[in-house]
Amino acid sequence: MAQMNRQEAIEVIMTTINPQDAVVSTTGLISREIFERFHSDRNIYVPGSMGLASSIGLGLAMACPNRRVVVIDGDASLLMNLGSIVTIGNKQSTNLLHIVIDNGAYGSCNEERSMSDTAHLDTLALHVGYQYVRTVGSREDLKRATIEFGRGPGFILAKIELGGRRDFRRPLELTAIKSRFMRFLAHSTKGERP
Ligand SMILES: Cc1ncc(C[n+]2csc(CCOP(=O)(O)OP(=O)(O)O)c2C)c(N)n1
Ligand SMILES: [Mg+2]
């Protein structure tokens with residue numbers, strides 16, 4: 001089904017979302033690729049706490065209701081903290097878009113199977129209360145789903161091929177990144193109200 005890879009999915013997301021959106025990305029190669037190719041003050045990475053990007057994103061979305069928060073998650077990360085979607089569905093943050101880059105595996109490790117292929121993450125998201133749910137397997141559909149997102153909480157399940165580049169440097173200066181991110185939240189214009 002997947003007709004795109006991680007590089008393409010990340011590129012579509014990072015070039016399609018609003019420049020004023022805050023971006024929270026998950027552990028492993030997803031954050032490392034975003035850091036290397038699309039780093040800016042609006043990005044915050046969750047390199048050590050696998051599974052918590054969506055929880056952190058929800059907290060941000062609730063604290064900053066006039067700013068859109070985009071969480072870029074992995075399938076194994078989400079499965080590790082699956083209860084987070086129940087909380088997101090309950091809180092009904094209209095400004096939260098949760099995108100899962102699903103390669104069916106712990107791609108950043110040894111590509112062990114994650115079991116996302118039988119988890120029906122999109123159906124789960126719908127049933128726990130996400131207001132906008134799309135499943136996509138191509139760049140065109142991912143772009144359209146990202147543009148069409150209006151009122152959240154939103155969930156986009158982006159199916160990608162396993163594999164891809166691995167030799168990215170790691171975001172290490174996390175305290176400085178966090179400080180710049182907080183300044184971005186405090187001082188930049190907030191963009192359109194969702
Ligand atoms: C609490 C915790 N457990 C394990 C790890 C090691 N680890 C880093 S990335 C990763 C796999 C992430 O898989 P997924 O979210 O599907 O993203 P992918 O690597 O496939 O892009 C693991 C197990 C970690 N960083 N933190
Ligand atoms: Mg994965």
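1. Helices (H or I, at least four residues) and strands (E, at least two) are taken here as DSSP runs, numbered from the N terminus. In those terms, Gly104 belongs to the loop between strand 4 and strand 5.

2. This is a predicted model, in which local features need pLDDT of at least 70 and side-chain atom pairs count only at pLDDT 80 or more, while totals for chains, interfaces and linings use all residues. Residues are numbered from 1 along each chain as its sequence is written, chains are lettered from A and ligands numbered from 1 in the order in which they are written, and side-chain values use heavy atoms, with hydrogens and water left out.

3. Gly104 counts as partly exposed because its relative accessibility is 23%, where buried means under 20% relative accessible area, exposed over 50%, and partly exposed in between (1.4 Å probe, protein chains only). Leaving aside residues up to four places away in sequence, Gly104 touches Asp75, Glu112, Arg113, Ser114, Met115 and Ser116, a contact being heavy atoms within 4.5 Å. The C-alpha atom of Gly104 is separated by 6.5 Å from that of Met115, 11 residues apart along the chain.

4. Met115 itself lies in the loop between strand 6 (112-113) and helix 6 (121-128), and it is exposed because its relative accessible area is 52%. Its phi is near 80°, a positive value in a residue other than glycine. His120, in the loop between strand 6 and helix 6, also has a positive phi, of about 50°, although it is not a glycine.

5. Ligand 1 sits in the largest pocket. A pocket is, on a 1 Å grid over the protein atoms alone, an open set of points with protein on both sides within 12 Å along at least five of seven lines, and a molecule sits in one if more than half of its atoms lie within 2 Å of its grid points. The elements that give two or more residues to the shell around ligand 1 are helix 4 (75-80) and strand 5 (105-106), and helix 4 provides the largest share, 4 residues.

6. Ligand 1 is surrounded by 17 residues, the closest being Asp75, Ser77, Ala105, Gly107 and Ser108, with a residue taken as near if one of its heavy atoms lies within 4 Å. For polar contacts (pairs of N or O atoms within 3.5 Å), a polar side-chain atom of Ser108 lies 2.5 Å from an oxygen atom of ligand 1, and an N or O atom in the side chain of Asn103 is 2.9 Å from an oxygen atom of the ligand. A backbone N or O atom of Gly48 lies 3.4 Å from a nitrogen atom of ligand 1. Taken alone, the ligand exposes 580 Å², of which the protein buries 76%, with areas from the Shrake-Rupley method and a 1.4 Å probe.

7. In helix 1 (residues 6-16), the buried residues are Arg6, Ala9, Ile10, Val12, Ile13, Met14 and Thr16, and their cover includes strand 1 (22-25), helix 2 (29-38) and helix 7 (139-148). Helix 2 is mostly covered, with 8 of its 10 residues buried, and these pack against elements including helix 1, strand 3 and helix 8 (174-187).

Terms used
Polar contact = N/O pair within 3.5 Å; in protein donor to acceptor, adjacent residues only side chain to side chain. 1 Å grid on protein atoms, 1.4 Å probe; cavity = no way out; pocket = protein on both sides within 12 Å on 5 of 7 lines; lining within 4 Å.
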